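Subject: Structure handover

Hello,

Please find the structure below, with the sequence. My notes on it follow.

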Amino acid sequence: KKSGGFGSYEEPAPAASTGKEEDTVHSAKMENALKILERLVNQNAEDEIFNDFKYWEDASDQFREGEGSLLPLWRFSTDRTKRKQVTALSWNPQYPDLFAVGYGSYDFMRQGSGMICCFSLKNTSFPEYIFSTESGVMCLDFHPQHPSLLAVGCYDGTVMVYDVRNKGMRPIYSSSIKTGKHTDPVWQVSWQAEDLAKELNFFSISSDG
C-alpha cells in the first residue's frame, strides 16, 4: 500500500520569544553542550574499544574451517525498553553512527505499547531520541534523501512518519481509517524515491495487502 499526500516537509518555525530573559541552564545551547560533553566522556571511557576493535583477532579461528567468531563491542539498552522485543533496526543513510531500533512483540497474545530508540555510536550509554507508540513497532525505514524522516509500521496496522529533529515526539504523519489504515500488522515499510513533484511517499506491506 502506498502512503503519502503529506507533501514536502518544512522545518518547524522557531518558537516566538516571550520577552523574558532566557534561562541559560535549561536553554538549547546548554542542552547541546551537555550532549557533546557526555559523548566525550563516553568516548574517553571506551577508548580501547573505539581504537582497538579493528585489530582484534581470535587465534582459534584458524582451526575453524569456514567459521569465525564475533567480538561484541557495545550493548545498547534502556530501562524503558525492558521486557520488549527488538523487532526492527534501520541505519541512517547520512549519519553512519546513528541507527533506529523498534520495540514490540511477535506474540499476538502479548501486545502492548511500542517504542523507537535512536542510538549513536558516539554515545553508547543512552538513546539520542526516544519515541513511544500506542502499538508495537514492527518495521522501520529512514528516508534515503531526508535522513531525519523515519517511516514506522506498527502491529495494529498503523503507519507513521517521525522527524527525529522534532522534539515534540509526535509523528508528523499517521494513517487512519479515512486514509486506508491496514487492519493487520505492517511487516515492511520502504520509502519511494522522490518524484518530479518532490512529494514524499512510502510503501507499506501487510497481510491485508
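Read along the sequence, the pattern of the chain is β-α-α-β-β-β-β-β-β-β-β-β-β. That makes two helices and 11 strands, where helices (H or I, at least four residues) and strands (E, at least two) are DSSP runs numbered from the N terminus.

On provenance: this is a predicted model, in which local features need pLDDT of at least 70 and side-chain atom pairs count only at pLDDT 80 or more, while totals for chains, interfaces and linings use all residues. Residues are numbered from 1 along each chain as its sequence is written, and side-chain values use heavy atoms, with hydrogens and water left out.

Overall figures

Of the 209 residues in the chain, 34% are buried. Buried means under 20% relative accessible area, exposed over 50%, and partly exposed in between (1.4 Å probe, protein chains only). The chain exposes about 13700 Å², and carbon and sulfur atoms supply 53% of that area. Areas come from the Shrake-Rupley method with a 1.4 Å probe; for residues, only the protein chains shown count as cover. Taking contacts (heavy atoms within 4.5 Å) between residues at least 6 apart in sequence, 49% join residues at least 24 apart.

Cores

A nonpolar core here is a set of buried Ala, Val, Leu, Ile, Met, Phe, Trp, Tyr and Cys residues joined through side-chain atoms within 4.5 Å. The largest has 15 residues, and those with the most contacts inside it are Ile116, Leu140, Leu150 and Val152. At least two residues of this core come from each of β3 (98-104), β4 (114-120), β6 (137-142), β7 (149-154) and β8 (159-163). Apart from it lies another core of 11 residues, including Ala151, Val159, Val186 and Phe202.

Not counting residues up to four places away in sequence, Leu150 touches Ala100, Ile116, Leu140, Asp141, Phe142, Met160, Val161, Tyr162 and Trp191.

Cysteines

The structure holds zero disulfides, a disulfide being a pair of cysteine sulfur atoms within 2.5 Å. Cys117 is buried, with a relative accessible area of 0%, and Cys154 is buried at 2%.

Largest pocket

The largest pocket holds about 760 Å³ of space. The search ran on a 1 Å grid over the protein atoms alone: a cavity is a set of points where a 1.4 Å probe fits but cannot get out, and a pocket is an open set with protein on both sides within 12 Å along at least five of seven lines; lining residues have an atom within 4 Å of a point. Grid points are joined across faces, edges and corners, and the volume is the space filled by probe spheres set on the points.

The lining of the largest pocket has 27 residues, of which Lys35, Arg39, Glu128, Tyr129 and Val164 are the closest to its centre. Both α1 (28-45) and β5 (129-133) supply at least two residues of the lining. The most comes from α1, with seven residues.

Individual residues

- Lys122 is in the loop between β4 and β5 and is partly exposed, with a relative accessible area of 36%. Lys122 and Gln43 are 79 residues apart in sequence but 6.9 Å apart in space, C-alpha to C-alpha. Leaving aside neighbours within four places in sequence, Lys122 is in contact with Arg39, Gln43 and Asp97.
- Thr87 belongs to strand β2 (residues 85-91) and counts as buried at 10% relative accessibility. Not counting residues up to four places away in sequence, Thr87 touches Gly102, Tyr103, Gly104, Ser105, Tyr106, Val137 and Met138.
- Arg64 is in the loop between α2 (47-52) and β2. Arg64 is partly exposed at 33% relative accessibility, and its contacts, leaving aside neighbours within four places in sequence, are Asp58 and Ser69.
- Arg83 is also in the loop between α2 and β2 and is exposed, with a relative accessible area of 90%. Phi of Arg83 is near 70 degrees, a positive value in a residue other than glycine.

Regards
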